[in-house]
Amino acid sequence: MIYEKWGLDSNTAMELNLQYTNNTISGTRSFDSTQDSAANTDEVVSGTLNSNGYVSSIKFEDETFGTGTTYSYTYDANNHRVSCRTSSDGSVTNWVWRNGNLASIKEEGQNSSVTFTYTNNTITEPIENKGKLLLLTVDNEVDEMVNPIYGVASKELPVSATTTFDGQTVTATYKWTLDEDGYPVKLLFSTSYGANVTYTFVWQ
């Protein structure tokens with residue numbers, strides 16, 4: 001069983017509750033907004049795990065309208081996610097891994113890509129990913145970040161990501177605060193277009 005509850009921002013919370021029976025996933029995901037009632041949704045979650053215990057497909061279906069989207073995943077020999085096909089539009093996203101870390105993301109047929117770096121002028125030695133945080137998107141999908149069923153995480157924590165799209169470039173930075181044992185307890189995520197989000201982590 002996996003249960004997660006996240007404050008996505010000061011007004012919106014997400015709650016995820018998943019159960020596992022053999023290789024089958026079932027559960028619910030809900031979003032609760034204090035400002036916009038139209039954003040409040042309840043979804044039924046269903047899916048399957050592969051022989052290594054990672055998601056091979058997962059569907060999120062709106063309880064009210066009965067509409068949903070299925071995401072189908074593949075993995076490499078090291079159980080890193082390498083592709084995702086989305087049923088609603090047929091899009092395919094690919095992940096490239098290098099030396100145990102996520103190097104880049106690219107959506108097929110799109111003139112865009114994301115590259116990650118793990119050192120900079122200040123962080124000259126990579127930060128070990130002791131908490132096994134799974135960062136598979138630039139803006140950190142929170143229901144995947146601490147969920148081990150989505151694959152093996154990078155061995156180190158990123159310090160920046162650069163997105164290019166039609167000649168435009170957006171840079172994101174990750175500023176990590178670690179506890180005395182080297183586990184991340186806070187992440188300040190910011191972008192060159194002014195977005196700032198703070199995540200906190202509690203380890204037990």
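A residue counts as buried when its relative accessible area is under 20%, as exposed when that area is over 50%, and as partly exposed in between, using a 1.4 Å probe and protein chains only. F201, for instance, is buried because its relative accessible area is 7%. The structure is a predicted model, in which local features need pLDDT of at least 70 and side-chain atom pairs count only at pLDDT 80 or more, while totals for chains, interfaces and linings use all residues. Residues are numbered from 1 along each chain as its sequence is written, and side-chain values use heavy atoms, with hydrogens and water left out.

Confidence comes first. The mean pLDDT (the predictor's confidence in each residue, from 0 to 100) is 85 for the protein, and 83% of its residues reach 70 or more. Over residues 1-9, however, the pLDDT is below 50, although this stretch has 36 contacts in the model beyond near neighbours in sequence; a contact means heavy atoms within 4.5 Å. Where pLDDT is low, the predicted coordinates should not be read in detail.

The overall architecture can be described next. The protein has 1 helix and 16 strands, where helices (H or I, at least four residues) and strands (E, at least two) are DSSP runs numbered from the N terminus. Of the 204 residues in the protein, 40% are buried. Among contacts between residues at least 6 apart in sequence, 35% join residues at least 24 apart.

Rings of Phe, Tyr and Trp (its six-membered ring) pair if their centres lie within 6.5 Å; planes under 30 degrees apart count as stacked, over 60 as edge-to-face and the rest as tilted. A search of the whole structure finds 7 aromatic pairs. In one of them, Y73 and Y150 have ring centres 5.9 Å apart and planes at 85 degrees, so this pair is edge-to-face. Y73 lies in strand β6 (residues 68-75) and Y150 in the loop between α1 (142-145) and β12 (156-157), so the pair ties together parts that are 77 residues apart in sequence. Both Y73 and Y150 are buried. F201 and W203 form a stacked pair, with 6.4 Å from centre to centre and 25 degrees between the planes. While F201 is buried, W203 counts as partly exposed because its relative accessibility is 34%. Y174, W176 and F189 form one aromatic cluster.

Two further buried residues are found in strands. W97 sits in strand β8 (residues 92-98) and is buried, with a relative accessible area of 15%. Leaving aside neighbours within four places in sequence, W97 is in contact with several residues, including D76, H80, L102, L136 and S154. From C-alpha to C-alpha, W97 and D76 are 9.3 Å apart in space, and they are 21 residues apart in sequence. N101 belongs to strand β9 (residues 101-107) and is buried at 7% relative accessible area. Not counting residues up to four places away in sequence, N101 touches V96, Y118, S154, K155 and E156.

Grid points are joined across faces, edges and corners, and a volume is the space filled by probe spheres set on the points. The whole structure holds 1 cavity of 30 Å³ or more. The largest cavity has a volume of about 70 Å³. Its lining has 14 residues, and L133, L135, S154, E156 and P158 lie nearest the centre. The second largest pocket contains about 160 Å³ of space and is lined by 14 residues, of which G131, K132, N147, P148 and G151 lie nearest its centre.

K132 is found in the loop between β11 (127-128) and α1 and is exposed, with a relative accessible area of 56%. N22, which is not a glycine either, has a positive phi of about 55 degrees. N22 is placed in the loop between β2 (12-21) and β3 (24-33) and is exposed at 75% relative accessible area.

Terms used: 1 Å grid on protein atoms, 1.4 Å probe; cavity = no way out; pocket = protein on both sides within 12 Å on 5 of 7 lines; lining within 4 Å.
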